[in-house]
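This report looks at charged side-chain pairs. Please view the sequence and the structure below.

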Amino acid sequence: MKEKKKHTVFVEGPITPAFISAAIARHQDKTEIGAHSIFLGQVRKDILQAQEVVAIEYSAYTEMALEKFTEIREKAFAAFNLVCLHIYHSLGMVKAGEISLFVFVSAKHRKEAIAACEDIVERIKKEVPIWGKEWLTDQQIRWKINS
């Protein structure tokens, strides 16, 4: 039986613009691609209890999270006609304004890429065991509640 290829998912700290740019550049020679759909999740400076969120510290049950990411990838390739799919999520501290989630989907046609990207992001938010502690300006820390 063929062993599944392991995909890097977790990035320590924020996902930088240079990292995103390099990922995009690596696809220039894949001429069967006609569309890319990209989702970038950015840490918001929300106001909670009259304090600003200055950062989110991400943690995960990594073994289970990696299994879920693999399942999400496999289901996306089965449901959509994709050429490439990459998912990256931050662990550790990510400041307000920085990127913590990067989903990069490539397909022959735009509608397929866009639909797959949206589906993948929704599944990540609902299914993957990743948690965030919000750090507030007054040094309070609270668990993030996803909306």
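## Salt bridges

Arg 123 and Glu 71 form a salt bridge, with their closest N and O atoms 3.4 Å apart. The term means a side-chain nitrogen of Lys or Arg within 4 Å of a carboxyl oxygen of Asp or Glu. This pair links distant parts of the chain: Arg 123 lies in helix 3 (residues 110-127) and Glu 71 in helix 2 (residues 62-79), 52 residues apart. Helices are DSSP runs (H or I, at least four residues), numbered from the N terminus.

The model is predicted, so local features need pLDDT of at least 70 and side-chain atom pairs count only at pLDDT 80 or more, while totals for chains, interfaces and linings use all residues. Residues are numbered from 1 along each chain as its sequence is written, and side-chain values use heavy atoms, leaving out hydrogens and water.

Arg 123 also meets Glu 127 in a salt bridge (2.9 Å, N to O). Glu 127 and Arg 123 are 4 residues apart in helix 3, so about one helical turn separates them. Salt bridges with shared partners join Lys 68, Glu 71, Lys 75, Arg 123 and Glu 127 into one network.

A further salt bridge pairs Arg 44 with Asp 46, their closest N and O atoms 3.0 Å apart. The count comes to 7 salt bridges.

Accessibility follows. Buried means under 20% relative accessible area, exposed over 50%, and partly exposed in between (1.4 Å probe, protein chains only).

| Residue | Relative accessible area | Class |
|---|---|---|
| Arg 123 | 12% | buried |
| Glu 71 | 27% | partly exposed |
| Glu 127 | 29% | partly exposed |
| Arg 44 | 48% | partly exposed |
| Asp 46 | 24% | partly exposed |

Terms used. Helices (H or I, at least four residues) and strands (E, at least two) are DSSP runs, numbered from the N terminus.
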